[in-house]
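Subject: Structure handover

Hi,

Here is the structure I promised to pass on. Please open it alongside this email; my notes follow below.

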Amino acid sequence: MPEAAGLPAGSVLLNASGCLDALTAPETARQLDVFVTKTVTPLPRAGNPPVRIAETEVGMLNSIGLANPGRDRLLAEMLPRLRTLGLPIWVSVGGFSAAEYAATCAALDGCDGVAAVELNLSCPNVDEAPESAAEIVAACRGETALPLYAKLSPASWKIAEVARAVEAAGADGLSLVNTLRGLKLDPELRPVLGTGTGGLSGPALKPVALAAVYACSRATPLPIVGMGGVQSGRDALELLAVGAGAVALGTVLFSDPSAPARIRDELAAELAALGLSSAEEACGIAHEGALPARKHLDLGSRL
Amino acid sequence: MACGYGACYGCAVEIDGEWKRLCIDGPVLQAAA
């Protein structure tokens, strides 16, 4: 992983993939340090049938189903517009086989403005590739020199083992976590979502994310982007404390387009109250004893 | 609809094989070409 350059202290906020369209809400995107695209697949996808969103008592369910315009339109039409934001761009890559992931990584390699690839290895709303996460990472590693972040599912009890496996396969970092599968019933006791189940995000996901980051940060030295239910600076601080080097905002963006600026301010106050001068100093402070020496988190400020 | 500003794709409706986001492509859409 190259040395991170030009990242001022406190540059820690990303969006969770699929939770922000920077082309329709550039003012929200510019509050972030990095913009992460919605997951792109080789071919265009219409996504899942409605109903796609359901609110629950503890968060929300989505079943969007990786709706996206496909890799070619991303490269030809969207990336040139995204570059005008002046932010490093991470492209979230999806697929239905290791070869599909790898082909997109090859197409992105050397693309101006693309600072990293996040491999969406854990969408709960579509069929999974038959290969393991590590096999997909290995296939992609062979096709690109871009930093590869593996986005893992918290549904596995063995997430730390998966983290070690993707590290061995060549991942440069981890994105933790994706949503958990959930279901909501309507008053007539029928599933609300068109596909029945969907991905649960929001406040219910925070303890799950904290546990995943905690476990993985003890298992590998890879830099971690933590996400799951972050709504405040305190939530962001907690993810840093269990071992994340940066924090991504997801569901909170739907209800509060100004959340990144607010959470950045709140996090600064939280850090100051602890006598810490940067987010980096908070990384891992929830752990007793020494953590593995953590590689520098490269958010890809190549612009 | 979760967001109302084009981020979530929760309000998408299919019109002539193309999915439109009601929040930013609508709120009023032609039902068919």
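Start with the interface. Chain B and chain A bury about 1200 Å² between them, and carbon and sulfur atoms give 64% of that area. Three residues stand out on the chain B side. Tyr5(B), Tyr9(B) and Trp19(B) supply 50% of the area that chain B buries against chain A, more than any other three residues. In residue terms, the contact takes twelve from chain B and 19 from chain A.

How many salt bridges cross the interface of chain B and chain A? The rule finds one. Its partners are the side chains of Asp21(A) and Arg21(B), at 3.0 Å from N to O.

Chain B has a mean pLDDT of 88, and 97% of its residues reach 70 or more. Within chain B, confidence is lowest in strand β2 (residues 18–21), at a mean of 86. Confidence is highest in helix α1 (residues 22–25) of chain B, at 93. Where pLDDT is low, the predicted coordinates should not be read in detail.

Chain B

Chain B has 33 residues, and 33% of them are buried. It holds one helix and two strands. The order along the sequence is β-β-α. Its C-alpha atoms fill a box of roughly 25 × 15 × 10 Å along the principal axes. The accessible surface of chain B is about 1900 Å², with 50% belonging to carbon and sulfur atoms.

One peptide bond in chain B deserves a look. Gly26(B) and Pro27(B) are joined in cis, with omega about 10 degrees. Pro27(B) sits in the segment after α1 of chain B.

Take helix α4 (residues 133–141) of chain A. Which of its residues are buried? They are Ala133(A), Ala134(A), Ile136(A), Val137(A) and Cys140(A). Seen down the axis of α4(A), these buried residues fall within an arc of 160 degrees, so they line one face of the helix. Their cover includes helices α3 (98–108) and α5 (159–168) and strands β6 (114–120) and β7 (148–151) of chain A.

Helix α7 (residues 233–241) of chain A is mostly covered, with eight of its nine residues buried. The buried set is Gly233(A), Asp235(A), Ala236(A), Leu237(A), Glu238(A), Leu239(A), Leu240(A) and Ala241(A). Note that Asp235(A) and Glu238(A) are in that set. What covers the buried residues of α7(A) includes helices α6 (206–219), α9 (259–273) and α10 (279–282) of chain A. Strands β11 (224–227) and β12 (246–249) of chain A also contribute cover. After α7(A) comes Gly243(A), with a positive phi near 130 degrees.

Backbone points in chain A

Chain A has a cis peptide bond between Pro50(A) and Val51(A), with omega about 0 degrees. Val51(A) lies in the loop between β2 (35–36) and β3 (53–56) of chain A.

Two leucines have a positive phi. For Leu66(A), phi is near 60 degrees. Leu66(A) lies in the loop between β4 (59–62) and α2 (71–83) of chain A. For Leu189(A), phi is about 65 degrees. Leu189(A) is found in the loop between β9 and β10 (197–201) of chain A.

Are these leucines buried or exposed? Leu66(A) has a relative accessible area of 10%, under the 20% cut-off, so it counts as buried. Leu189(A) is at 63%, over the 50% cut-off, so it counts as exposed.

A buried loop threonine

Where is Thr179(A) found? It is in the loop between β8 (173–176) and β9 (180–183) of chain A. Thr179(A) has a relative accessible area of 12%, under the 20% cut-off, so it is buried despite its place in a loop. Leaving aside residues up to four places away in sequence, Thr179(A) touches Asn62(A), Pro124(A), Pro154(A), Gly199(A), Leu200(A), Ser201(A) and Leu205(A).

Over to you.

Best wishes

How values were computed. Residues numbered from 1 in each chain as written. Chains lettered and ligands numbered in written order. Predicted model: local features only at pLDDT ≥ 70, side-chain atom pairs only at ≥ 80, totals over all residues. Heavy atoms only, no water. Helix = DSSP H or I, 4+ residues; strand = E, 2+ residues; numbered from the N terminus. Buried < 20%, exposed > 50% of the residue type's maximum accessible area, 1.4 Å probe, protein only. Areas by Shrake-Rupley, 256 points an atom, 1.4 Å probe, with all protein chains shown as cover. Arc of directions from axis to C-beta. Contact = heavy atoms within 4.5 Å. pLDDT = per-residue confidence, 0-100. Buried area = accessible area lost by both parts, 1.4 Å probe. Salt bridge = Lys/Arg side-chain N within 4 Å of Asp/Glu carboxyl O.
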